[in-house]
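Welcome, and please take a look at the structure below.

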Amino acid sequence: RVLLIAAFPRQAMSDLVEAASNEPQKKRKTNNLVCVTGASGYLAAHVIKSLLANGHCVRGTVRSLSNEVKLAPLRSLPGAEKGLELVEADMMAPSGFKSMLEGCSALIHTATPVEIPLDGKPPASNMEDAKRLQIS
């Protein structure tokens with residue numbers, strides 16, 4: 001199951017956490033691991049906090065495990081000591097997706113890889129990038 005998130009209001013975020021929590025009770029007891037991409041981002045941090053509060057274990061992906069300043073707020077969340085696993089992941093390298101998702105019952109994708117051209121100007125269109133990267 002995959003949940004894609006953009007910028008959602010608080011109620012929508014609560015609905016997503018509730019949806020992840022509404023799996024059959026028997027299944028949740030054996031596999032309540034949820035992968036959240038972009039874990040050090042603002043939105044993901046709130047999603048992770050809600051998931052941990054609802055008894056889920058979370059595998060959060062980050063660009064780098066060496067930036068303790070970005071990771072400290074996540075590690076200090078209630079339940080994080082036992083329920084949060086942080087892993088490095090490159091969202092532009094699909095080869096790592098299988099290991100990132102192994103054992104997870106759900107994915108909440110909040111990461112957005114951002115490329116800034118050397119000239120500092122944003123890309124002309126996200127649609128152009130989507131067409132260029134489209135898999136046939």
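This is a predicted model: local features need pLDDT of at least 70, side-chain atom pairs count only at pLDDT 80 or more; totals for chains, interfaces and linings use all residues.

Residues are numbered from 1 along each chain as its sequence is written, and side-chain values use heavy atoms, with hydrogens and water left out.

**The overall picture**

Let us begin with the whole chain. The protein chain has 7 helices and 5 strands; helices (H or I, at least four residues) and strands (E, at least two) are DSSP runs, numbered from the N terminus. Reading from the N terminus, the order of elements is β-α-α-β-α-β-α-α-β-α-β-α. Of its 136 residues, 34% count as buried. Here buried means under 20% relative accessible area, exposed means over 50%, and partly exposed lies in between (1.4 Å probe, protein chains only). The accessible surface of the protein chain comes to about 9,200 Å², and 56% of that belongs to carbon and sulfur atoms. Such areas come from the Shrake-Rupley method with a 1.4 Å probe; for residues, only the protein chains shown count as cover. Among contacts between residues at least 6 apart in sequence, 67% join residues at least 24 apart, where contact means heavy atoms within 4.5 Å.

In soluble globular proteins, nonpolar side chains tend to be buried together. A nonpolar core is a set of buried Ala, Val, Leu, Ile, Met, Phe, Trp, Tyr and Cys residues joined through side-chain atoms within 4.5 Å. The largest one in this model has 18 residues, and those touching the most other members are Val36, Ile48, Leu51, Val58, Leu74 and Leu84. Two or more residues each are given to this core by strand E2 (33-37), helix H3 (42-53), strand E3 (57-62), helix H4 (68-75), strand E4 (84-88) and strand E5 (106-109). H3 supplies the largest share, 5 residues. A second, separate core holds 8 residues, among them Leu33, Met91, Leu107 and Ala111.

What does Leu84 contact, leaving aside its neighbours within four places in sequence? Its partners are Ile48, Leu52, Val58, Gly60, Leu74, Arg75 and Gly79.

Gly83 lies in helix H5 (residues 80-83). Because its relative accessibility is 10%, Gly83 counts as buried. Not counting residues up to four places away in sequence, Gly83 touches Leu52, His56, Cys57 and Val58. Gly83 and Leu51 are 32 residues apart in sequence, while their C-alpha atoms are 9.5 Å apart.

Thr37 sits in strand E2 and is buried, with 1% relative accessibility. Its side chain reaches the backbone nitrogen of Ala111 at 3.1 Å. Apart from residues up to four places away in sequence, Thr37 touches Ala44, Thr61, Met91, Met100, Leu107, Ile108, His109, Thr110 and Ala111.

**Salt bridges**

A search of the whole structure finds 2 salt bridges, each being a side-chain nitrogen of Lys or Arg within 4 Å of a carboxyl oxygen of Asp or Glu.

| Pair | Closest N to O distance |
|---|---|
| Arg59 and Glu85 | 3.0 Å |

Arg59 is buried, with a relative accessible area of 10%, whereas Glu85 counts as partly exposed at 36%. In the other pair, Arg75 is partly exposed at 44%, and Glu68 is partly exposed at 40%.

A disulfide is a covalent bond between the sulfur atoms of two cysteines. The rule used here asks for a pair of cysteine sulfur atoms within 2.5 Å, and by it the count comes to 0 disulfides. Cys35 counts as buried at 0% relative accessibility, and Cys104 counts as buried at 18%.

Terms used
A polar contact is a pair of N or O atoms within 3.5 Å; within protein, one must be able to donate a hydrogen and the other to accept it, and residues adjacent in sequence count only if both atoms are side-chain atoms.
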